[in-house]
Amino acid sequence: KKTLRNIFLGIAGCILLYWVLHEPEHFEGILNGFLNMISPFIIGAGLAFILNVPMRAFENLLNDIPNLSARRLIAIILTFIAFVLILAFVFWLLIPQIVDTVDALVPQLINFVSRLEEQANEFLRENPELMKWITENTDLGNLDWAALIQKAIGMIGDSVSAIVGGAFSAIGSIADATIDVVIGIVFALYCLFRKEILSRQGRRLAYAFLPEHGADKVVRVLRLTNTTFSNFLSGQCVEVCILGGMFAVSMTIFGMPYIPLVSVLVAVTAFIPLVGAFVGCIFGAFFILVD
């Protein structure tokens, strides 16, 4: 039976490989459809994996509540409230700063374009031979301006049609993304409420379908991943506060502009290792040059 099963699996694998190699478009379409179908659940599982760290901290603070269901419900509510408050605080700091930055940059960009135009005109005045060569070789006097205007109008019409089509496509994409996010949040809530049961069922599946040593290794790796990620997230939260505060203090000492914007961007991006400091240096140098 084992030999027949291996032969059957080998033949099925060869047939599947042949189909993938000769029909890649159909395979890609099926794969994309499958990924689109399970993407909300992947988002929900990732969100639950992240929110489990602060929820566990809230549960430890609520040990005085004897009812486990009530304690978990309160911990989940507090976790989501804290998450929403952090996002609201970040956007409350970033959006006004971005608006002020754009208001300050637009006049400077206009002045830059004006200075560039003046320098180009001055360069052409100082080099009449170049101006004469441009006039002789471009034949500006014989251009069909009416045809150029019609072409420009046609291009504008095509651009408007493309923009409208892109807007409807973007609206559809946003609606799909919103549905996926809602399903992901619901699935994350389910995972957080039933994490012990889901963990126990996952272990049973692992030991049912894998050899015992393989299931032991899978369980050990998953436990190590959970512990490592929890420690990493806790350490990154501390690093976020330290790095954002260091940038704010340093920029204040040296009298640099846009302190809240750069500090918050550095703090937010610091959750990805090395990215926060890199973003802070880039934004700081850019705003100093612009100012």
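Trainee: What percentage of the 291 residues of the chain count as buried?
Mentor: Keep in mind that this model is predicted. A residue is buried when its relative accessible area is under 20%. Of the 291 residues in the chain, the share that counts as buried is 18%.

Trainee: How many helices and how many strands does the chain have?
Mentor: Read along the sequence, the pattern is α-α-α-α-α-α-α-α-α. The secondary structure comes to nine helices and zero strands.

Trainee: Which helix gives the largest share of the nonpolar patch?
Mentor: The patch on the surface is formed by Leu16, Trp19, Phe27, Ile30, Leu31, Phe34, Leu35 and Met37. Helix H1 (2-22) and helix H2 (24-61) are the elements that give two or more residues to the patch. The largest share, six residues, comes from H2.

Trainee: Take Leu31. Is Leu31 buried, partly exposed or exposed?
Mentor: Leu31 lies in helix H2. Buried means under 20% relative accessible area, and exposed means over 50%. Leu31 has 38%, so Leu31 is partly exposed.

Trainee: Why does Glu117 count as exposed?
Mentor: The cut-off for exposed is over 50% relative accessible area. Glu117 counts as exposed because its relative accessibility is 51%.

Note on methods: Residues numbered from 1 in each chain as written. Predicted model: local features only at pLDDT ≥ 70, side-chain atom pairs only at ≥ 80, totals over all residues. Heavy atoms only, no water. Buried < 20%, exposed > 50% of the residue type's maximum accessible area, 1.4 Å probe, protein only. Patch = residues over 30% accessible without salt bridge, like charges linked within 9 Å, V, L, I, M, F, W, Y side chains within 5 Å. Areas by Shrake-Rupley, 256 points an atom, 1.4 Å probe, with all protein chains shown as cover. Salt bridge = Lys/Arg side-chain N within 4 Å of Asp/Glu carboxyl O. Helix = DSSP H or I, 4+ residues; strand = E, 2+ residues; numbered from the N terminus.
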